[in-house]
Amino acid sequence: MYRIRTYPDAAEQIEALSYDALTLYTQVRAVLELVPWNGSPYAEDKPDGNMRQFFFGPSGQGFVIYLILEDQQLVDVLRVVWLDWP
Amino acid sequence: MLQNALDHPIDTTHFHQVMSYDVSMTAAAAYPMPEPKRLPFADASPAEVRAALIPEEVVEFDRQWRSAMAVATEKRDLTGVYETMELWRRHALTTQALGTDDYRRMLAQAEHTLRTGEPPAGTVSQEEIMELIRKRLGG
């Protein structure tokens, strides 16, 4: 199981999430602890790249960008975004 | 059902065809599910995506776009073009959502951590963030 560290910017974004979005994010965290490589690679030329992106929410309006430090079994959450658009 | 419909006005642009059916239509047909929202940039053109990227990434976008188009021409298969666009639409969405300054900062933080193994100052531990979430969710 991977341990998750959260960058200060992402921690602020998590604090600002609505109750519903935060509930969904807790489910994403559970996925990242177990299978972080299931996220999409962030760079096309690096399909096995450490930087990944995971979308969540009914319309995929939430996403997490994170790094996997495999040798340390760590996941570093860089940003957590919840889009609120009309 | 009619009263119910009057109490819950529905966008008639999605409704007129259903209303012409027999009165025995099901509730599901009478109250169609709202169309799912489309993410910003979900249908963006290559030019729109390119315009949303930071200049540092435009170079790479141009290179990958040209490469994907060349392969598509050679193989008469657009799969690679679609895949390239899907990835870069996500970059455009992320850039717009974070703003260019924070987007660049995020990339710099990632590069620093991958090079040194060290996260930025103020990084929050697993226990701290779980405590924060527990408090917010009332658990």
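## Chain A: overall size and fold

Let's start with a quick check on chain A in this predicted model. A compact globule of 86 residues would have a radius of gyration near 12 Å, and chain A has 12 Å, so the two agree. If you draw a box along the principal axes, the C-alpha atoms of chain A fill roughly 40 × 25 × 20 Å.

What pattern does chain A follow when read along the sequence? The pattern is β-α-α-β-β-β-β. Counted up, that gives chain A two helices and five strands.

## Helix H5 of chain B

Now hop over to chain B and look at helix H5, which covers residues 55-75. Here's another check you can follow: at 1.5 Å a residue, the 21 residues of H5(B) should span 30 Å.

Look just past the end of H5(B) and you'll find B:Arg76, which takes a positive phi of about 55°.

Two packed helices are described by the angle between their axes and the distance between the axes.

For H5(B) and H6(B), the axes come within 8 Å and cross at roughly 165°. Angles over 145 degrees count as roughly antiparallel, so that is the label for H5(B) relative to H6(B). The crossing of these two helices is left-handed. On the H5(B) side, the residues that meet H6(B) include B:Phe61, B:Trp65, B:Ala68 and B:Met69, while the H6(B) side includes B:Val81, B:Trp88 and B:His91. Sorted by class, the contact of H5(B) with H6(B) has eight nonpolar, four polar and one charged residues.

## H6 against H7

Next along chain B come H6 (residues 79-98) and H7 (residues 100-116). How far apart are the axes of H6(B) and H7(B), and at what angle do the helices pack? The axes are 6 Å apart, and the packing angle is about 115°. That makes H6(B) roughly perpendicular to H7(B).

H6(B) passes H7(B) in a right-handed crossing. From H6(B), the residues involved are B:Thr94, B:Thr95 and B:Leu98, and they meet B:Thr100, B:Asp102, B:Tyr103 and B:Met106 in H7(B). This contact of H6(B) with H7(B) is made of three nonpolar, three polar and one charged residues.

## Where the two chains meet

On the chain B side, 29 residues are in contact with 28 residues of chain A. Which elements give two or more residues to the side of chain B that touches chain A? They are H6, H7 and helix H8 (126-137) of chain B. By class, that side of chain B has 16 nonpolar, ten polar and three charged residues.

Note on methods
Residues numbered from 1 in each chain as written. Chains lettered and ligands numbered in written order. Predicted model: local features only at pLDDT ≥ 70, side-chain atom pairs only at ≥ 80, totals over all residues. Helix = DSSP H or I, 4+ residues; strand = E, 2+ residues; numbered from the N terminus. Expected span 1.5 Å × (residues − 1). Axes fitted to C-alpha atoms, helices over the stretch in contact; angles between N-to-C directions. Parallel < 35°, antiparallel > 145°, perpendicular 65-115°, else oblique. Left-handed = near helix turned anticlockwise from the far one by under 90°. Contact = placed C-beta atoms within 7 Å. Nonpolar A, V, L, I, M, F, W, Y, C, P; charged D, E, K, R; others polar. Rg over C-alpha atoms; globule rule 2.2 N^0.38 Å.
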